[in-house]
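The stops below are meant to be followed in order, with a selection at each one.

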Amino acid sequence: VIDANTQEIKQGGKRRGANMAILRIDHPDIVKFIKMKTKDNGTLTNFNISVAVTNAFMEKLQKYPNENFDTIFNEAKFNVLKENDSWVVSDIGADVYTNVEIWDMIAESAWTCADPGIVFIDRINAQMPASYLNGKTIIRATNPCGEQPLPDYGSCNLVAINLGNFISEEAVDWDELKKATTYAYRLAEAVIDNNVYPVKAIDKYSNSYRNVGIGVMGYADACCMLGLKYGSDDALEFADEIMRFIYKWSF
C-alpha cells in the first residue's frame with residue numbers, strides 16, 4: 001500500500017518518492033523478505049530494502065556456517081524454546097536453511113536486482129554519537145540512501161556544498177568555503193526551527209536532537225580542477241582535508 005501511494009503521490013508532481021524497508025536477519029519472515037524483489041518482478045519499485053545483520057549472525061556464519069539458521073520468536077506460529085533469556089524458534093513445516101545458505105541467498109538477490117543491501121545494525125547502535133542522550137534509544141533503520149541511521153521518528157536536514165565552486169587557480173578558496181559552511185549550518189538549523197511537523201513525535205525528536213548533515217557534491221570536479229587523479233592517495237587526502245575543515249566550521 002505504501003509503495004503504491006508513493007508512486008501516485010510525488011513531490012511537486014514530478015519527483016518520485018523513496019522508502020527504505022529494513023528487516024532484522026533473525027525475523028521469522030526474513031527469507032520472504034530477501035526474495036521479495038526477485039520472486040515478484042516489479043514489487044516495491046519505490047523501496048530500497050536491506051537486511052539488518054546482527055553481530056550474533058556474523059559470528060555464527062563464521063564459526064558454524066552449516067548449522068541451521070535460527071530466527072526470533074512468534075509464539076503463536078512457532079515452536080518456542082527459551083535459551084539464555086532469548087527466544088530460539090523453529091518454524092513449523094518451513095524449509096530449513098543453514099547460516100551460509102541465508103548469506104548466499106542475500107548475495108544472489110543483491111547480484112540479481114541490487115537488493116537487499118545489508119546494514120550492520122549492532123555496530124550502528126554501538127557507535128551512535130547521541131546514545132548518551134537516551135540509553136534506551138535504538139536505531140532500527142536508515143534512510144533510503146543509507147547515510148542516516150536514526151532512531152524512531154528521527155529526522156535530519158541535509159545540505160550539500162558544491163566543491164567545484166570553491167576552486168580558483170588550482171587552489172581551494174578556504175575563506176569562501178568557511179563562509180559557505182557556516183551559512184549552510186545556520187540554514188539547516190533554521191529549517192528545524194521553522195519546519196511544520198505533521199507528527200508530534202518527529203517534532204519532539206527534531207527539536208531535541210537537532211540532527212543536521214553537511215556534505216559535499218562536485219568532489220570529482222574539484223579533483224579535476226586541482227589536477228588530482230580521482231581515487232588516488234592525494235585525492236583521498238584532499239577529501240580528508242576538506243571534510244575536516246567543514247566539520248571544524250559547522251557551528
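**First stop: helix α8**

Select α8 (200-209) and colour Y205, S206 and Y209, the buried residues of this helix. Buried means under 20% relative accessible area, exposed over 50%, and partly exposed in between, with a 1.4 Å probe and protein chains only. Viewed down the axis of α8, these buried residues fall within an arc of 95°, so they line one face of the helix; the arc is that of the directions from the helix axis to the C-beta atoms. On the other side of α8, K200 and K204 are exposed. Helices (H or I, at least four residues) and strands (E, at least two) are DSSP runs, numbered from the N terminus.

Before moving on, note that this is a predicted model, in which local features need pLDDT of at least 70 and side-chain atom pairs count only at pLDDT 80 or more, while totals for chains, interfaces and linings use all residues. Residues are numbered from 1 along each chain as its sequence is written, and side-chain values use heavy atoms, with hydrogens and water left out.

Now show what covers the buried residues of α8: the cover includes β7 (149-151) and α7. Just after α8, R210 takes a positive phi of about 50°.

**Second stop: helix α7**

Select residues 174-194, the 21 residues of α7. At 1.5 Å a residue, α7 should span 30 Å, and its end C-alpha atoms are 30 Å apart, which agrees; the expected span is 1.5 Å times one less than the number of residues.

Which residues of α7 are buried? They are L177, T181, T182, A184, A188, E189 and I192. Seen down the axis of α7, the buried residues fall within an arc of 150°, so they line one face of this helix. Turn to the other side of α7 to find D175, K179 and N194 exposed. Among the elements covering the buried residues of α7 are β8 (157-162), β10 (171-172), α8, β11 (212-217) and α10 (233-248).

**Third stop: the nonpolar cores**

A nonpolar core is a set of buried Ala, Val, Leu, Ile, Met, Phe, Trp, Tyr and Cys residues joined through side-chain atoms within 4.5 Å. The largest such core has 20 residues, and those with the most contacts inside it are I161, L163, V172, L177, Y219, F238 and I242. Two or more residues of this core come from each of β8, α7, α9 (219-226) and α10. The most, 5 residues, are given by α10.

Centre the view on I242. Leaving aside neighbours within four places in sequence, I242 is in contact (heavy atoms within 4.5 Å) with L163, W174, L177 and V216. A second, separate core of 19 residues includes L23, I30, V51 and I102.

**Last stop: the parallel sheet**

Display the open sheet of 3 strands in the order β1-β2-β5, with parallel pairing. Two strands pair if DSSP finds at least two bridges between them. At the edges stand β1 (19-24) and β5 (117-120), each with a single partner strand, so one side of each is left without a neighbour in the sheet. The twist averages 35° from one strand to the next.

Select β2 (47-53), which pairs with β5 over 4 bridges and with β1 over 6 bridges. In β5, I118 is the bridge partner of V51, and G117 is that of S50. R24 stands opposite A52 in β2. Finally, colour β2 by accessibility: 6 of its 7 residues are buried.

Conventions:
Axes are lines fitted to C-alpha atoms, for helices over the stretch in contact, and angles run from 0 to 180 degrees between N-to-C directions.
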